[in-house]
Amino acid sequence: VWWHSGLKATPRETWPRYGDTPTCIYTSDPDEVAAELVGLVLEEFQTAPIDPGTFALQPSPYSLVNMPTNLYAEAREQTFDMTLLGQSVRIQVTPTEYEWNYGDGTIYGPAAWPGNALPEELVGEVTETSHVYQEPGDYFVSVAIYFSGKYSINGGPMIPIDGRALTFPPVQTISVWKSESRNVADDCFQNPSGFGC
């Protein structure tokens, strides 16, 4: 079987071909099996046990009102090998987009950048994925990670899968506090019941 790819609205004879050699499909009717395989691959891709990865907040589990809280996700490429209709199929999934829900009604994304961890001395700086909470409280933060996929049959060329898989790492809670500063004149050693002691 020769594999081609193109937009549905364009003539099939204009679709570019994948690979320099055809893929062997071991059946008496390879064209029929190939068409059925495409549907099965999409189904397997959508239901594969994809590891959704993790995400982190800086600082955590506490932050402050009006201070940027940095968020970043870590997800990896994964490979699944299986047999479908007697053919050896490999599905490869790659994280491609991230959509953040900060828990206060604000959503960022989908975006291609997962964010990144900040060095300790830079925590509190603005980043592409950071968020500033306006009110104190406990917020449930989540991220949706979209995976794109490719598949190969019997060691043939990797072919893009039409569609994406959606995963969700576990939700995290962040407590946002409001800080206040005041000048005091008491010495806590002399007056242990003074303000701030």
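Strand E5 (residues 68–74) and strand E9 run antiparallel and are joined by 2 bridges. Within this pair, Pro68 faces Val132 of E9. The model is predicted. Both strands belong to an open sheet of 3 strands, ordered E3-E5-E9, with antiparallel pairing. Strand E3 (54–58) and strand E9 (131–132) form the edges. Each has a single partner strand, so one side of each is left without a neighbour in the sheet.

The protein chain contains 1 helix and 12 strands. Along the sequence, the pattern reads β-β-α-β-β-β-β-β-β-β-β-β-β. The radius of gyration is 26 Å, well over the 16 Å given by the globule rule for 197 residues, so the chain is more spread out than a compact globule. Along the principal axes, the C-alpha atoms fill a box of roughly 95 × 30 × 25 Å. Of the 197 residues, 34% are buried. Among contacts between residues at least 6 apart in sequence, 65% join residues at least 24 apart.

The largest pocket has a volume of about 730 Å³. Its lining comprises 21 residues. His4, Ser5, Gly6, Trp15 and Val38 lie nearest the pocket centre. Strand E1 (3–4), helix H1 (30–47) and strand E11 (159–167) are the elements that give two or more residues to this lining. H1 supplies the largest share, with 7 residues. By class, the lining of the largest pocket holds 13 nonpolar, 4 polar and 4 charged residues.

Conventions: Residues numbered from 1 in each chain as written. Predicted model: local features only at pLDDT ≥ 70, side-chain atom pairs only at ≥ 80, totals over all residues. Heavy atoms only, no water. 1 Å grid on protein atoms, 1.4 Å probe; cavity = no way out; pocket = protein on both sides within 12 Å on 5 of 7 lines; lining within 4 Å. Points joined across faces, edges and corners; volume = space filled by probe spheres on them. Helix = DSSP H or I, 4+ residues; strand = E, 2+ residues; numbered from the N terminus. Nonpolar A, V, L, I, M, F, W, Y, C, P; charged D, E, K, R; others polar. Pairing = 2+ DSSP bridges. Rg over C-alpha atoms; globule rule 2.2 N^0.38 Å. Buried < 20%, exposed > 50% of the residue type's maximum accessible area, 1.4 Å probe, protein only. Contact = heavy atoms within 4.5 Å.
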